[in-house]
Amino acid sequence: MNNYSEKFEKMRIAGKLAAQTLDMLTENIKEGISTAQIDKLGYEFIRDNGGYSAPLYYRGFTKSLCTSLNHVVCHGIPSEERILEEGDAVNVDVTAIIDNHYGDTSRMFCIGKTSVKLNNLIDATHESMMRAIKILKPGKKLGDIGHEIQTYVEEKGFSVVRDFCGHGIGTTFHESPNILHYGTKNTGMELKPGMTFTIEPMINAGKFATKLLNDGWTAVTKDKSLSAQFEHTVGITENGYEIFTESVKGYLKPPYL
Ligand code: MF3
Ligand code: CO
Ligand code: CO
């Protein structure tokens, strides 16, 4: 036992609900489904399992999850009009609240056959997140996280979005510290047991600049290049880390077989 074991127990439950929501969506995200239908399925699943969707009415957001397609970097708003088509890739970002704790996770989904370029971007984004997670332990610093992600994806010719970052999470949705996905080794705040935060790199095929659409939420790449993202909620333990939002079904990245 330690002073954060109760908090971690609740983060496990919240993280698992968010992950199971994505697991459920995996079977439903297909050509012909609208992003609003994905939103409805997510809302109902979380509600039916005793939770609440954190994005709903968060700072004026009117949907229960985010659906970010192709050149959308993050915070895409589900809509009846947007029907998924062959070749699309969509990030679905789910945040569940249960027992006053938050679980925040996102994955990419591909519709039918997607381009080699897009598949490579998605693979690199997932790998960058996992590389950053695997180094986590007390004594590492926030800059080490960004460094892992940045060096890996830039080597592949991709770029790290600067305008959005990961965040502390627990009994609030977004708290300090900010988790930047670029950075310098051995700089920034030191990781301590009991810390809980997200790692959620947004990686672009082109340049890292983003632009906000008129709806006030949807962030797109300024150069219209493709963008990908994955997100996990993690906690720092005595000698390493715990991922709270791991798939129960073993789903990591597309293709989900
Ligand atoms: N889930 C997003 C994150 O990873 C935040 C979405 S806020 C919303 O932090 F209002 F757009 F839903
Ligand atoms: Co987040
Ligand atoms: Co999220």
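This is a predicted model: local features need pLDDT of at least 70, side-chain atom pairs count only at pLDDT 80 or more; totals for chains, interfaces and linings use all residues.
Proline 254 and proline 255 are joined by a cis peptide bond, with omega about 0°, and proline 255 is found in the segment after β15 (241–243). As background, most peptide bonds are trans, and most residues other than glycine have a negative phi.

Asparagine 100 is not a glycine, yet its phi is positive, about 70°. You'll find asparagine 100 in the loop between β4 (89–98) and β5 (101–110), and it is exposed, with a relative accessible area of 53%. Lysine 224, also not a glycine, has a positive phi of about 65°. Its place is in the loop between β12 (219–221) and β13 (227–229), and at 62% relative accessibility lysine 224 counts as exposed.

Now for the ligand. Which residues come nearest to ligand 1? Of the 14 residues around it, those are Pro55, His167, His174, Glu200 and Glu231. The shell divides into 6 nonpolar, 4 polar and 4 charged residues. The space ligand 1 takes up is the largest pocket.

Let's go through some polar pairs, each with an oxygen atom of the ligand. A polar side-chain atom of histidine 174 lies 2.7 Å from a ligand 1 oxygen; for glutamate 200 the distance is 2.8 Å, and for histidine 167 it is 3.0 Å. Taken alone, ligand 1 exposes 330 Å², and the protein buries 97% of that. Thanks, all!

Key
Residues are numbered from 1 along each chain as its sequence is written. Chains are lettered from A and ligands numbered from 1 in the order in which they are written. Side-chain values use heavy atoms; hydrogens and water are left out. A residue is near a molecule or strand if one of its heavy atoms lies within 4 Å of it. A polar contact is a pair of N or O atoms within 3.5 Å; within protein, one must be able to donate a hydrogen and the other to accept it, and residues adjacent in sequence count only if both atoms are side-chain atoms. Accessible areas come from the Shrake-Rupley method with a 1.4 Å probe; for residues, only the protein chains shown count as cover. On a 1 Å grid over the protein atoms alone, a cavity is a set of points where a 1.4 Å probe fits but cannot get out, and a pocket is an open set with protein on both sides within 12 Å along at least five of seven lines; lining residues have an atom within 4 Å of a point. A molecule sits in a cavity or pocket if more than half of its atoms lie within 2 Å of its grid points. Ala, Val, Leu, Ile, Met, Phe, Trp, Tyr, Cys and Pro count as nonpolar, Asp, Glu, Lys and Arg as charged, and the others, Gly among them, as polar. Helices (H or I, at least four residues) and strands (E, at least two) are DSSP runs, numbered from the N terminus. Buried means under 20% relative accessible area, exposed over 50%, partly exposed in between (1.4 Å probe, protein chains only).
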